[in-house]
Amino acid sequence: MALFSDRATRPDETTDHPGAPVRRRARRRRFTPRDVAVFALLLGIPIVLDVVLIWGPTAASAVLSFSRWDGVSDLVWNHGDNYRQIVQDYPPFWPAVWHNVIWLVFLGLVATPLGLFLAVLLDKGIRGTRFYQSAIYMPVVLSLAIVGFIAKLVYSRDYGALNGVLGLTQHPVDWLGDPSKNLWAVLVLVAWRHIGYVMILYLAGLKAVDPELKEAASIDGANEVQTFFRVTFPTLRPINIIVLVITVIEALRAFDLVFIINKGRNGLELLSVLVSANIVGEASRIGFGSALAVILTVISLGFVVTYLVQVFREEKR
Amino acid sequence: MNNEPAGSHPAFSTPLSHASLSRRALMRGAVAATGAVTVPSLLAACSDDSGSGGSGAKKTVTVGSNYSDAVPKKALADAVASFQQKSGDTVNVNTIDHNTFQEQINQYLKGTPDDVFTWFAGYRMQFFAAQGLATDISDIWGDIGSGYSDAFKAASTGADGKQYFVPYYLYPWAVFYRPSVFQAKGYTVPKTFDEYKTLAAKMKSDGLVPIAFADKDGWPAMGTFDYINMRLNGYDFHISLMAGKESWEDAKVKAVFDTWASLLPYLQEGALGRTWQEAAQSLQQKKAGMYVLGMFVGQQFSEEERKDLDFFPFPEIAPENGQDSVEAPIDGYMISKKAKNVAGAKDFLKFLATPEAQGIYLKSDPNNVATNKNADASGYTALQKKAVEIISGAKHISQFMDRDTRPDFASTVMIQAIQEFLKNPKDIDGLCKNIETQKKTIFATE
């Protein structure tokens, strides 16, 4: 992509110079009609795909969210009723929003820093680095379906390993069934996976940090902590952005694990689960589910826009 | 930053420097590749269409089946083979994964459905009949009707009084127990709800879990609600409530939850974290004394252990209702509105209604019983025989909550509501109020 944009911007730069002929000649030399046709085709295909596969359905969902429709009977417009019902009468909605927020905050403030911490430790080249690296990264390779299966084996009230290890056989804790505990039990597993992912990203970033920078800092009298926060961490900025984006995406798209554990009910409600629970199924509440999907989209767009604004501002600088 | 690894620069610039020449070729390749990807899929789409439409000779009946597990799939194939031999017609069975089939039934029936499809009796059948997606088969009921009791005919009848469904097999819900445990401890089968609770209390003092219980998946607890409602308020009220015609804030509904709450101390703890399979295992391991579930509970028992498995009907609560209703979901067949070979499809359904066809199927499935009252019961296990007994003795057959009401109401409102009740049995008023509010919006379409 960079390849094309490079070229495309160059003619624009020439607008600053006086003398139109130069510009025209430059353009003619650079883009034959064939080039233009190829560009149009190559840009057109992704744009068409983007519109047809992403924005089209999104717009359709937004429209459907103002209707009541089960996919079989006639569609009935009910204005904003769906939204009113979601906010007022639909018991799982607010818990779902709240759980998504907890999910995001937990990943952002607990799991991600832990991943960074482990990366820094491993970057010090302690003995057995390779082993730790693989061991911590291992969960990332597992599909969430398998993680869900592991969750059942570990957390089950009746035969789970955790109750056995903790010796809670007389009064077993219902890790997955008790709504005050199950979200945290799941988040531990999510973190288990997320930490490995973040660690590998930071480890790669840390390897690329110029050791001379650290040397210079220590010559200037900075201690380890200062060196890390004042010198190393700022140079990791590109990685930080990637990790931030991944963390937000993970929190918003969270679905699989809770769905496998209990279909995302009883303490494990998430917005994504509510969307699918309402739309997928026999007598689908397509309008109602679409309204939930629109809410989720708006929240996601909030993050996407913030991120893009940041990136563009950065580029301008 | 002159310390960058020297190697990285050339590595990046090499493709760029050659780009002016190779880029165009590359693009062309990319376009060609895109074409190559789309064209076959278009072709495939075309051939797919012509495949289902074109080959439909008059003698072929297509069947959309959700019998995706190996045992029922084989059992249906046996029945189909017997029909083909008898009639000379060809039957093509398209098997679709059980859950997928249910989730996509709307799109399926609106799109290009098979002539015949597997489905469930009760409200779920009536829903599609009312949408005009099923073919009226009242005429074949003239022929097959004599093989079925009235309760089956009622379960096959749409809201307009016409028949749309042929029952194939069913299984009852009841209170399962292990006779050896009852014998060893001297328990007797309870007849009334008070006796049931007394027995449960006794089991508790004997160190047993009185009643196994699980509701992690959200639906198993519905059976208990259905039974308490039918025993307390009667079948008619239950069906009317399920059809959205009664208020959930009615004192009668609150009484159901109150009655259930009085049972909670005897139910296995931690139900929301347990699947029905795990609860069934606690019965199988004799850790639990009783379990309210469908006859499929037997799947968690070995064949030998199944001989030590028995059940009794859910106990009587209000004497005027006695034990006159049984919850027994019926699986069967319907003909889609868009069926191409209606005559052939009707022949096939007539065959499936015969005792012989049901016998072929049930030979390999010990957790169900035939719906035709003349079906050969000689091969039945003791459990199956007893199932036939309580079903044929029942005045009403209910289908289970998620079949007797709108599926969206069952799955997006009632599952959550029942789980909420199990978590917090104190706030029944608030719970019923919320169910009623949501019910009104969901049933408003009708």
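**Pockets and cavities around chain A**

Let's start with α14(B): with three residues, this helix gives the most to the lining of the second largest pocket. Keep in mind that this is a predicted model. The pocket holds about 780 Å³ of space, and 27 residues line it. If you want to find its centre, look for Arg157(A), Asp158(A), Pro172(A), Val209(B) and Gln268(B), which lie nearest to that point.

Both chains have a hand in this lining. Chain A brings α8 (161–166), while chain B brings β6 (209–212) and α14 (276–284), and each of these elements supplies at least two residues. Sorted by class, the lining comes to 11 polar, nine nonpolar and seven charged residues.

Searching the whole structure turns up five cavities of 30 Å³ or more. The second largest cavity has about 60 Å³ of space. Its lining includes Tyr90(A), Pro92(A) and the run Lys263(A), Gly264(A), Arg265(A) and Asn266(A), and Gln416(B) is there too. Here α14 of chain A (residues 271–279) is the helix that gives the most, with three residues. By class, you'll find five nonpolar, three polar and three charged residues around this cavity.

Stepping back to chain A as a whole, its secondary structure amounts to 15 helices and two strands. The chain has 317 residues, and 38% of them count as buried. Take the contacts in chain A between residues at least 6 apart in sequence: 67% of those join residues at least 24 apart.

Notes:
Residues numbered from 1 in each chain as written. Chains lettered and ligands numbered in written order. Predicted model: local features only at pLDDT ≥ 70, side-chain atom pairs only at ≥ 80, totals over all residues. Heavy atoms only, no water. 1 Å grid on protein atoms, 1.4 Å probe; cavity = no way out; pocket = protein on both sides within 12 Å on 5 of 7 lines; lining within 4 Å. Points joined across faces, edges and corners; volume = space filled by probe spheres on them. Helix = DSSP H or I, 4+ residues; strand = E, 2+ residues; numbered from the N terminus. Nonpolar A, V, L, I, M, F, W, Y, C, P; charged D, E, K, R; others polar. Buried < 20%, exposed > 50% of the residue type's maximum accessible area, 1.4 Å probe, protein only. Contact = heavy atoms within 4.5 Å.
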